[in-house]
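Visitor: I have a structure to look through and would like a guided tour of it. Could you take my questions one at a time?
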Amino acid sequence: MSEMLIKNAFVIDPLNGINGEVMDIAIRDGKIVEAVGDAAEVIDARRNLTLPGGVDSHTHICGTKVNFGRYMSPEDMRAGRTPRRGHMHATSGYSVPTTYGNSYRYSAMGYTTLLEGAMAPLEARHTHEEFSYTPLQDTMANALFDGNWSVLEAVRDGDTKRVAAVIAWVLSAVKGFAVKLTNPGGTEAWGWGENVDCIQKPIANFEVSPAEIIRTIVEANELLHLPHSVHLHCNNLGKPGNYTCTMGTFGLIPDLNKKRQTLYATHVQYHAYGGSGWNDFCSKSEPIANMVNMRPQIAIDMGQVMFGKTTTMTADGPMEFNLYRLHHDKWSNHDVELETGSGIIPVLYRRKNLVNSVMWAIGLELALLVDDPWRCLLTTDNPNGAPFVRYPEIIALLMSKRYREEELATVHPDTEHRVPLPAIDRELDWHDIAVMTRAAQAKALGIVDIGKGHLAPGADADVAIYPIRVDETDPSVDYRRVIDAFSRTEYTIKRGRVVCRSGECVVDGNNTTIWVKPKVSPEYDMGKDPDFIRKFDRYYTVRMRNYPVQDEYLKRNLCIETEAEL
Amino acid sequence: MMRVTLAVKPRKKPLLPIEAECIVPKTFLSGEAVYVWRGNKELPLDEVFSVTIEGTADRTEDVEIFISGDTSRIKRIGEYLDAGRIVIEGDIGMHCGNFMSGGTIEIGGDADGWLGREMRGGTIICRGNAADYCAAGYRGGRKGMTGGKVEVFGNTGDFLAEHLAGGTVIVHGDAGDMAGIEMHSGSLTIEGSCSRPCGNMAGGTCVVHGTAHEMLPTFRKIGPTTLEGMPFTSFTGDIANRGKGNLIVRDYTYMD
């Protein structure tokens, strides 16, 4: 039995309605408890800001796509090199670091739970292998279904239950956590050199439109009672004028779940563009934010862009090809058999570039214009908008109008005519930031019940203590201190033990992989469905029995079983 | 003037490389203890070299380093050199003069790979041959050498001046395959022959005084021109990369 007592913590725990109370936190055997004995190890938080461990609901840290980003950019490995030290392995890389690099840097920022945003089911093993070398965070992975042939056929046939059955089988086979749709229909069309424009036109071979795919999968997701909603990367990413398409997509979504959103729209910054081309490119964050404000069934994440070098990687292959044609730099493209595809290119977001400056502004606007911080989460879609190590700067930008003005003065001078940002006075407070970086993320992912994102007794003892005194800091003025504090915790506590102390990781760590297993009736068990088996035999390069990820790929893991309505 | 003389002591296993990025003039000016690496072992400088220091200096510019003995497996000498002079009597190992921004390196013998990689300024003179990736960039990088001068009196290996983005490279002998590949700007002169020069070049000038074997078909022929009274043929390209570089060759052959 191990016990710990965190004394004098200035706690903000939004899920339990605690907003700035100085209290003690008791921990026994990795869980928060009411009280511990006198022999407990004591940590004095000295009234510093103490939050539940950070949750990142959309990042790309593990898997074939991320690894290919590493292959492609050996120059990135020359940045961010740290030597082996104590319990820490040597790391390298900036936008796509090694797995240990990701884990240590996240831990130093107080993050304890991460969701890999897109895992091609056929290549799931690689993701799970890398998860075992991301030791300081609990991990989970969204499985991609945007171009899955079995799903597309079932959508065409209007058979929502069969869609749900395929999703259930694949998720439990590949130990995935939730459904990810990336440019639904578009990535399959890209296999034939095509793309989709918006959501109404059907794609070839299947004769289903993105709108039908999205609506059916959203319904199927609820039939399965999955903890997380559908995780959608809308169509037409990054195209001027795409906000109409995004609005149309949001309009499709019914309110189906009382506990959480029905749709998680990711990196909405990339989907809030106005104009008819790059010359009249402008921000349409206002209509998008209004739409989100009106529709409680939708939660979004920012996909904030920060200036500097990074690597973009997505299952949206056609989008990356368009981006490649703009930049004329390196480009990689990949097709995953019957399931999905992907593309990767390195990019440099520049302050002097008008389009990049507008993109930078849109992400901030979304966070400031969506009234309810519970429905706009803080991400960069790491590393697409920027590497996650830039989160502290984003937090400071959201908390300080003065910082935003200083930054606005350094970007392309025409930016202010194209974005509403200069007119926005809102400054988020500590509670809003705690919501956007942990509580709301845990709620959106549906992992509050398994003890993430809050500090009530029974929760996982994941705690981050930041070296900043809330009562002595005015974030709108002292934004530099805010950046420093959120860059490096005083203590990061994971499952009841200190894993990171002032940026130095002090244990080897042992993560948990969280996955879901929807229970379906035998007639909806796709593992025994003759058509489904035939599809494997005929088209896949692997046999059906070789497809599921074996248990040895999951060391410590937590399976969430759901009762499906099938 | 400070004159540092380093004579390599006989080594039991002379093939084991030694990493000696500390051998630059400013190290000796500071007077601190100097260590080099052999594998994962850090050794004091005088375990590898007999060190003699004569005179004193206040400025890095006044320091000269003379290195003699079997230096063919000693790497990274002159890395980040910014001023002063290094003279190497014999051959030198890989990565000599990486990132140097000023000063001079003279090599009496041959240089191994990556001589003057990503050089920013200064001068390197190699009296023997240089191996692959002379005056080049590094894996994945978009910019190689951006300034300074590299002059090789012998031949060079493949990928000479890859990603050249400034400065001058002169080779008196032959160059290998893919000389000047991905060149952006700067000037590359090859007195001898080479093959497939300047693939994907975007800008800059490359002159081949010998024969360009296997000329790439993606260079548009401009026509005859003269350099120092001799007839040459001028090309522009690489048009496959929308490039506007100048490739001027004495003679050329396309692949059969």
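Visitor: What covers the buried residues of helix 10 of chain A?

Guide: Happy to start there, with a word on the basis: this is a predicted model, where local features need pLDDT of at least 70, side-chain atom pairs count only at pLDDT 80 or more, and totals for chains, interfaces and linings use all residues. Residues are numbered from 1 along each chain as its sequence is written, chains are lettered from A and ligands numbered from 1 in the order in which they are written, and side-chain values use heavy atoms, with hydrogens and water left out. In helix 10 (residues 317-327), the buried residues include A:Gly317, A:Pro318, A:Met319 and A:Glu320, where buried means under 20% relative accessible area, exposed over 50% and partly exposed in between, with a 1.4 Å probe and protein chains only. The cover, judged by contact (heavy atoms within 4.5 Å), includes helix 6 (186-190), strand 15 (308-314), strand 16 (332-336) and strand 17 (340-349) of chain A.

Visitor: Which three residues supply 69% of the area that chain A buries against chain B?

Guide: The two chains bury about 610 Å² between them, 39% of it on carbon and sulfur atoms; buried area is the accessible area (1.4 Å probe) that two parts lose on being put together, summed over both. The contact takes seven residues from chain A and 10 residues from chain B. More than any other three residues, the suppliers of that 69% on chain A are A:Glu75, A:Arg78 and A:His328.

Visitor: How many salt bridges cross the interface of chain A and chain B?

Guide: A salt bridge is a side-chain nitrogen of Lys or Arg within 4 Å of a carboxyl oxygen of Asp or Glu. B:Arg142 and A:Glu75 meet in a salt bridge, at 2.5 Å from N to O. Across the interface of chain A and chain B, the rule finds three.

Visitor: Is A:Leu49 buried or exposed?

Guide: A:Leu49 lies in strand 5 (residues 49-52) of chain A, and its contacts beyond four places in sequence include A:Phe10, A:Trp430, A:Tyr466 and A:Phe486. Its C-alpha atom is separated by 6.0 Å from that of A:Arg469, 420 residues apart along the chain. With a relative accessible area of 1%, A:Leu49 is buried.

Visitor: How many residues has the largest nonpolar core?

Guide: A nonpolar core is a set of buried Ala, Val, Leu, Ile, Met, Phe, Trp, Tyr and Cys residues joined through side-chain atoms within 4.5 Å. Among the residues with the most contacts inside the largest one are A:Leu49, A:Phe177 and A:Trp360. A second, separate core of 63 residues includes B:Ile74 and B:Val208. For the largest core, the count is 142 residues.

Visitor: Which side chain makes a polar contact with the side chain of A:Asn257?

Guide: A:Asn257 sits in the loop between helix 8 (243-251) and strand 11 (263-265) of chain A, and is buried at a relative accessible area of 17%. A polar contact is a pair of N or O atoms within 3.5 Å; within protein, one must be able to donate a hydrogen and the other to accept it, and residues adjacent in sequence count only if both atoms are side-chain atoms. The backbone nitrogen of A:Arg260 lies 3.5 Å from a polar atom of the A:Asn257 side chain. The side chain partner, at 3.1 Å, is A:Glu222.

Visitor: How many residues apart in sequence are the parts tied together by A:Lys519 and A:Glu563?

Guide: These two form a salt bridge, the closest N and O atoms being 3.4 Å apart. A:Lys519 lies in strand 23 (residues 513-519) and A:Glu563 in strand 24 (residues 557-563) of chain A, so the pair ties together parts 44 residues apart. A:Lys519 is partly exposed at 39% relative accessibility, whereas A:Glu563 is exposed at 54%. The separation asked for is 44 residues.

Visitor: How many salt bridges does a search of the whole structure find?

Guide: One of them joins A:Arg28 and A:Glu3, with the closest N and O atoms 2.8 Å apart. That pair links strand 2 (residues 18-28) and strand 1 (residues 3-13) of chain A. Over all chains, the search finds 46.

Conventions. Helices (H or I, at least four residues) and strands (E, at least two) are DSSP runs, numbered from the N terminus.
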